[in-house]
Amino acid sequence: MAIPLNLTEQPFSTTLVEELHELVDRPIRVMVICGTQTRTLLKYSDEDIVPDDLEIVTGPGCSICVMPAGHIDAFVKIGRQPDVITATCEDLLRVQGSQDSLESIKENGALVEVVDSPMEALDLARSHPDKIVVFTAVGFEGAAPDVAETILEAASEGIENFCVIPSIRLLPPSLDSLMSDPELNIRGLLCSAHIMSITDSQAYSDLARQHHLSCAATGFSIDEILRGLISIVKQIRSEKPISANLFNGDGQTEETIRSSRIMSEVFFAVETDWRGLGSIEGSGYVIRDELSLYDAIKRFNVRFKAGDEEFQCKCAEVLSGRLSPDECPSFGISCTSRHPVGPCMAAQEGPCASYFRHIFGRM
Ligand code: SF4
C-alpha cells in the first residue's frame, strides 16, 4: 500500500539503513512501546527501511489504550455528579466504559471540558469557584510531574474546588510482566527517551538484565529510531543486553531530579489494573493521604471496579504485541476512526488509530 508522499517528510539516512540491514542476520522481534515512534515507523514502512527479519510489534505505549473500562466508568460516575466540571484531554472523550463515555455524558448534560494541561484545569477551577473541577490525570510517568506540580500549587494557594482522578501508570512494571511471557519472544525494546528520562533509568537496566532484553531509548525522528534499532541489534549480536539511552545519557538532569522529587511528594505506587495485562503490582500512582482533598476518588468515594469491555475488541492482544492492529477482524470494518470500538482506535496515539490513518490515509 503506497504511503501518501506528504507523510514521508524527513529524508532518512541511507547509511543507517544499510548498517541495520547488514547487522540483522537472524529473526529478531522488537517491541516499540511508544505510539509516536510506531507512527514514524509506519510512515516509512514502504521504504524497506526495516529488514524483513526484524519484526516490529506494538506494545502498551498508549496510556489511554491501557486503561480498563472500569476506570472510564469511574470518570463517568464522577462526571455525572452535580456541580462537577470534568476537565479532560480530547483523546479520552470517546473512549467507551462499560456503558458510557465522557462524550456521551456530555451530550446528556454533564459538564465536560477539554483542556491541554493540568494547569489549565486548575485555571478552570479558579474561574468557576461555584463548581468542583475534576481533572482526569491519564498518562505514563512522564505526565506525573505536571500533575504533581499542579496539585501542590492548588494546595499552596488553598484552592479547594479542584481535584484529580489519578490514572497515571508506570511502564517498567508492565513491561516486566509482559516480558515474563516466553511465548512473546521479544528480544529488544525501543522506547522514547522522554519516558526513560523521567523514570529511573535503573528500572530499564533491571529489565535488560532480568529478561536478557536489549533496550534503547531514542527521540522520535526516523534516524533516531534507526540508531535505536541498530543499538538493539548490536546488543543482541554481542549477547550483552543493556539499557542504552541514546538521547540524553542516563537521563538524569537537574529537571528530572526535581521532577522525581515532586512526584514522590505527591504520589506513591500501588497495584493497578491494565487493559490486557491484568493487575500489576506497583504500576500505578495514587495521591498521598496528606493531599487527599485533591484526590477525586476519595473525595467522591468512588472505586475503580472491573468494567465490561467490548468482547470483539482485540486491544488486549494489540497492546501486548500478540496481534497487529490490521489483523483484528473489526479493523477498518466495524471499527474505524469515526466509529472506534476500542481505545486503541479512539486515542490518537493508539496503535489501531495509527494503522488506520496509515492504511486509509485519513486523520
Ligand atoms: S481495531 Fe478496533 S476493535 Fe480491533 S483491537 Fe483495535 S480498537 Fe479494538
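**Charged pairs, stop by stop**

Start by selecting Asp-83, which counts as partly exposed because its relative accessibility is 45% (buried is under 20% relative accessible area, exposed over 50%, partly exposed in between, with a 1.4 Å probe and protein chains only). The model is predicted, so local features need pLDDT of at least 70 and side-chain atom pairs count only at pLDDT 80 or more, while totals for chains, interfaces and linings use all residues. Residues are numbered from 1 along each chain as its sequence is written, and side-chain values use heavy atoms, with hydrogens and water left out.

Next, select Arg-80 and Asp-100, whose salt bridge has its closest N and O atoms 2.5 Å apart. Arg-80 sits in the loop between helix H3 (69-79) and strand E3 (84-88) and Asp-100 in the loop between helix H4 (90-93) and helix H5 (102-107), so the pair ties together parts that are 20 residues apart in sequence.

Move on to Glu-55 and Arg-29, a salt bridge with closest N and O atoms 3.1 Å apart. Glu-55 belongs to strand E2 and Arg-29 to strand E1 (residues 28-32), 26 residues apart. Glu-55 counts as partly exposed at 38% relative accessibility, whereas Arg-29, at 18%, counts as buried.

Finish with Asp-123, Arg-126, Glu-153 and Glu-157, which are linked in a network of salt bridges; the structure holds 15 salt bridges.

Technical notes: A salt bridge is a side-chain nitrogen of Lys or Arg within 4 Å of a carboxyl oxygen of Asp or Glu. Helices (H or I, at least four residues) and strands (E, at least two) are DSSP runs, numbered from the N terminus.
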